[in-house]
Amino acid sequence: KIYEKFETAFENALQGVGAQMMSYKFFFNGKEISKDDCIANLENVTEGSTILASEGLGKPSVFKRFPDANPNSSWSNSGRYCDGLAFIPNQNIRLSGFTTFASSNDSQYEMRYTVDIGGTIVEEDTVVATGWEEDIYYRHKLKGIYQVQANQKFEIIVWIAKSLTNNDYVSTYSGNNGYNYADVENEHMGLFKIEQASKSDNGTSVYGGHFPEIFYYLG
């Protein structure tokens, strides 16, 4: 019944396991869909496509990769070159966000980013980063929540500048001593392996640079 509302189509199934429709959100290809919508209105539906029903996701877990709480303050960004990093979880996760470092002397900067999971870009956008948290972080919430399978690689790549159009330089903080990420205290120890991204010509690496945090849900 491709024109049946999701709320109607899934209500009996949820009630059969003692769950309530009002407690759930539905996601398709990483993006939340309305309960009033139907399969006929979804784009890129193929055989084997799935709709994820998630109950009250709540606050995501955070993975921190740097042991040093006092980052450097002289990382140069112009938008001509990108910073990237690859992560490989050993359990299924749902990726919800990432952190770059705040500007050390400006109130905002522009950032273009791509999120690639298993060789497919699932989200890309250009945003104005501002509202620094803890003075040194810009925490970016993705527009969708994306499934990453155990041992599947995902890459986050960013281009940062005061103005991306003009390639104006902006200085940000940066982390270091990242080779010790496995020893950093986290909620799920040993969950992530970190590797060089397919491209990161502005210098971010396993040792240092951007991406001090990744936000995710297990499962």
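Is T165 buried or exposed? With a relative accessible area of 71%, T165 counts as exposed, where exposed means over 50%, buried under 20% and partly exposed in between (1.4 Å probe, protein chains only). T165 sits in the loop between β11 and β12 (170–174), and its C-alpha atom is 35 Å from that of Y217, 52 residues away along the chain. The model is a predicted one, so local features need pLDDT of at least 70 and side-chain atom pairs count only at pLDDT 80 or more, while totals for chains, interfaces and linings use all residues. Residues are numbered from 1 along each chain as its sequence is written, and side-chain values use heavy atoms, with hydrogens and water left out.

On to the overall picture. The protein chain has one helix and 14 strands; these are DSSP runs numbered from the N terminus, with helices being H or I of at least four residues and strands E of at least two. Along the principal axes, the C-alpha atoms fill a box of roughly 55 × 40 × 30 Å. Of the 219 residues in the chain, 47% are buried. The accessible surface comes to about 11,500 Å², and carbon and sulfur atoms own 44% of that (Shrake-Rupley method, 1.4 Å probe; for residues, only the protein chains shown count as cover). Among contacts (heavy atoms within 4.5 Å) between residues at least 6 apart in sequence, 81% join residues at least 24 apart.

Next, the inside. In soluble globular proteins, nonpolar side chains tend to be buried together. A nonpolar core here is a set of buried Ala, Val, Leu, Ile, Met, Phe, Trp, Tyr and Cys residues joined through side-chain atoms within 4.5 Å. The largest one holds 37 residues, and F87, F98, M111 and F154 touch the most other members. A second, separate core has seven residues, including Y24, F26, F28 and I33. Leaving out residues up to four places away in sequence, F98 touches a list that includes M111, Y113, Y138, L142, I156, V158, F211 and F215, along with R139, H140 and E213.

Y113 is worth a look of its own. It lies in strand β8 (residues 108–117) and, at 0% relative accessibility, counts as buried. Beyond its neighbours within four places in sequence, Y113 is in contact with F98, H140, L142, I157 and V158, among others; E123, E124, D125 and K143 are also on its list.

E134, in the loop between β9 (120–130) and β10 (137–148), has a positive phi of about 55 degrees and is exposed at 56%. N151, in the loop between β10 and β11 (154–161), has a phi near 70 degrees and is exposed at 61%.
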